[in-house]
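Dear colleague,

Please find below the structure I am handing over to you. My notes on what was found in it follow directly after.

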Amino acid sequence: MDNREQVAAAARRLATEGLLVGTAGNVSLRDGDRIALTATGVVLRDCTEEQVTVVSTAGDVLEGDLQPTSELDLHLDVYAATGAAAVVHTHAPFSTAVACVLDELPVIHYQHLLLGGPVRVAPYATFGTAQLAANVREALADRQAALMANHGSVAIGGSLEKAVENALLLEWLATLHHRASELGAPKTLTDEEQADVIHQALQRNYGTTSRVNVDSNNPSSDNPTPHNPGSNNQEKS
Ligand SMILES: [Zn+2]
């Protein structure tokens, strides 16, 4: 699939999942010196290949008829600072709610550690500004996601799929935090508990699909059942 179509498909998926609403939010994918990103003013649920613009790492338009997203600087800065392959920015409801209240989303569930640790909330700055881009870049240090105060969320990944998954995971964690907080003060995982999770995840190759061992007495079995057919890490317990 062409990079512009991949970005359009990711935008449509995130809109279907409720993370991108109307024209709010943007998605980009880097391929060497070329960055494909959603154009400004596009209804993301209906995003087409033609509504994705390709720019250089300096932000010059290389391909496409539409102006790139107003958060172009944010995307360019994040690529320059992190080496990510893809960036997703949303105004997802629970992520944005958390970003209006907290300075950091604490680790209350072990899956949170896929994002690299507590998710920082980047200080508020006007949308589309270099200041906002700089704040987000700083909040993303050693993380796969950040929140943006009174604004939304940013997720990155080594692939477009990963960035989308991380945005979905962050929204799930923000929802969890909200629901847990209604019951009382959520308990956070201690540093030791977090270290044990990482140790366990490395041992078990967490987050990847693995096949069951085929019975050695039955070598004719050439169609082993996948132990974990879902690749969505949110479904794995
Ligand atoms: Zn925004």
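**Confidence and overall make-up**

The mean pLDDT of this predicted protein is 89, and 89% of its residues reach 70 or more; pLDDT is the predictor's confidence in each residue, from 0 to 100. Residues 218-237 have a pLDDT below 50, and this stretch has 26 contacts in the model beyond near neighbours in sequence. Two residues are taken to be in contact if their C-beta atoms, placed from the backbone, lie within 7 Å.

As the model is a predicted one, local features need pLDDT of at least 70 and side-chain atom pairs count only at pLDDT 80 or more, while totals for chains, interfaces and linings use all residues. Residue numbers start from 1 along each chain as its sequence is written.

The protein contains six helices and nine strands, where helices (H or I, at least four residues) and strands (E, at least two) are DSSP runs numbered from the N terminus. Of its 237 residues, 38% count as buried. A residue is buried if 20 or more other C-beta atoms lie within 10 Å of its own, exposed if 12 or fewer, and partly exposed in between, with C-beta atoms placed from the backbone. Among contacts between residues at least 6 apart in sequence, 60% join residues at least 24 apart.

**Helix 2 and its surroundings**

In helix 2, the buried residues are L72, L74, H75, L76, D77 and V78. Their cover includes strand 1 (26-31), strand 2 (34-38), strand 5 (86-90), helix 4 and strand 9. After helix 2 comes G83, with a positive phi near 70 degrees.

The axes of helix 2 (residues 72-82) and helix 4 (residues 130-139) come within 9 Å and cross at roughly 35 degrees. Axes are lines fitted to C-alpha atoms, for helices over the stretch in contact, and angles run from 0 to 180 degrees between N-to-C directions. This crossing of helix 2 and helix 4 is right-handed; a crossing is left-handed if the near helix is turned anticlockwise from the far one by less than a right angle, and right-handed if clockwise. On the helix 2 side, D73, L74, D77, V78 and A81 meet A130, L132, A133, A134, V136 and R137 of helix 4. By class, this contact has eight nonpolar, no polar and three charged residues (nonpolar: Ala, Val, Leu, Ile, Met, Phe, Trp, Tyr, Cys and Pro; charged: Asp, Glu, Lys and Arg; polar: the others, Gly among them).

**Helix 1 and helix 5**

The axes of helix 1 (residues 3-16) and helix 5 (residues 160-183) come within 11 Å and cross at roughly 15 degrees. Helix 1 is therefore roughly parallel to helix 5 (angles under 35 degrees count as roughly parallel, over 145 as roughly antiparallel, 65 to 115 as roughly perpendicular and the rest as oblique). Q6, A10, R13 and L14 in helix 1 meet L160, V164 and A167 in helix 5.

**Individual residues**

T38 lies in strand 2 and is buried, with 28 other C-beta atoms within 10 Å. Leaving aside neighbours within four places in sequence, the contacts of T38 include V7, A11, L44 and T69.

D142, in the loop between helix 4 and strand 8 (145-148), has a positive phi of about 60 degrees although it is not a glycine. D142 counts as exposed because it has 8 C-beta neighbours inside 10 Å.

Yours sincerely
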